[in-house]
Amino acid sequence: MALLEIKTAGDPVLKQPCAPVEKIDKRFRNFLDDMAETMYASDGVGIAAPQVGVSLRACIVDVSARDGGESDKKARYDMINPVITHREGSVVDNEGCLSCPNLFGDVERAEKIRVEYISRFGKKKILDADGLLARCIQHELDHLDGKLFIDIAQNITKGRPKHE
Ligand code: CO
C-alpha cells in the first residue's frame, strides 16, 4: 500500500465531474486500499478518488472513529459508482474536507439517505444511512460531481471545527 498525494482546492481535478468506473480488478482494489490508507493517515472520515487526482466515481467512507461508537454497521465502505436514490429530512452541521485544510463550515444535507453502489468485488449494494455516515456519503458524492463543500457552506471558519 502507499500514501497518495491529496489534491487541495484550486486543483482543477477537484472541479471536474468524474467518469464511471468501468473495470474493477485487483489493480483498482489496490488503488482503493491506497485511498483508504491515505484517508486514515490524514484522520479523515471519507475520501473521494478525485482528491488523489483520479477522476473516477469511487470513494471510501469510515466514520467509526467519529460517531462515538454508535454505529452498529461495518466501518469501512468502498463505494464504486454510488448513486443516492432516496433523501429524507434536512440537517445542518459543521464539515471539513481533506482538500480544504483548516476550513470548516455549516452545510445543509439530507438527514437520511439511501445509496446504491458497487462493492470492491463488483456486487450491487444498497445502504440506508443517517447521521454522520449519511453526511459523509453526501459530501463524498459531491466530490464525484466536481463540487467542494466550501462552495455550498455557510459560516466558513479557519481552525478547529465547532463540535470538537
Ligand atoms: Co471532501
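Select the cobalt ion first. In this predicted model, the cobalt ion is coordinated by Cys97 through SG and by His139 and His143, each through NE2, at 2.0 to 2.2 Å. Along the sequence, these donor residues follow the spacing C-x41-H-x3-H. Cys97 and His139 link distant parts of the chain, 42 residues apart: Cys97 belongs to the loop between β4 (91-95) and β5 (103-109), whereas His139 belongs to helix α2 (residues 131-144). Colour Cys97 and His139 by accessibility next; both are buried.

The strands β5 and β8 run antiparallel and are joined by 3 bridges. To find the pairing in the viewer, display Asp106, which stands opposite Gln154 in β8. Is strand β8 largely in the open or buried? Of the 5 residues in β8 (residues 154-158), the number buried is 0, so the strand lies largely in the open.

Select its lining: Arg57, Pro82, Val83, Ile84, Arg87, Arg109, Gln138, Leu141, Asp142, Asp145, Lys147 and Ile152. Both β3 (77-88) and α2 supply at least two residues each to this lining, and β3 gives the most, with 4 residues. Colouring the lining of the second largest pocket by class shows 6 charged, 5 nonpolar and 1 polar residues.

Definitions and conventions:
Residues are numbered from 1 along each chain as its sequence is written. This is a predicted model: local features need pLDDT of at least 70, side-chain atom pairs count only at pLDDT 80 or more; totals for chains, interfaces and linings use all residues. Side-chain values use heavy atoms; hydrogens and water are left out. Donors are N, O and S atoms within 2.8 Å of the metal (3.2 Å for Na, K and Ca); water is not among the atoms, so sites may look incomplete. Buried means under 20% relative accessible area, exposed over 50%, partly exposed in between (1.4 Å probe, protein chains only). Two strands pair if DSSP finds at least two bridges between them. On a 1 Å grid over the protein atoms alone, a cavity is a set of points where a 1.4 Å probe fits but cannot get out, and a pocket is an open set with protein on both sides within 12 Å along at least five of seven lines; lining residues have an atom within 4 Å of a point. Ala, Val, Leu, Ile, Met, Phe, Trp, Tyr, Cys and Pro count as nonpolar, Asp, Glu, Lys and Arg as charged, and the others, Gly among them, as polar.
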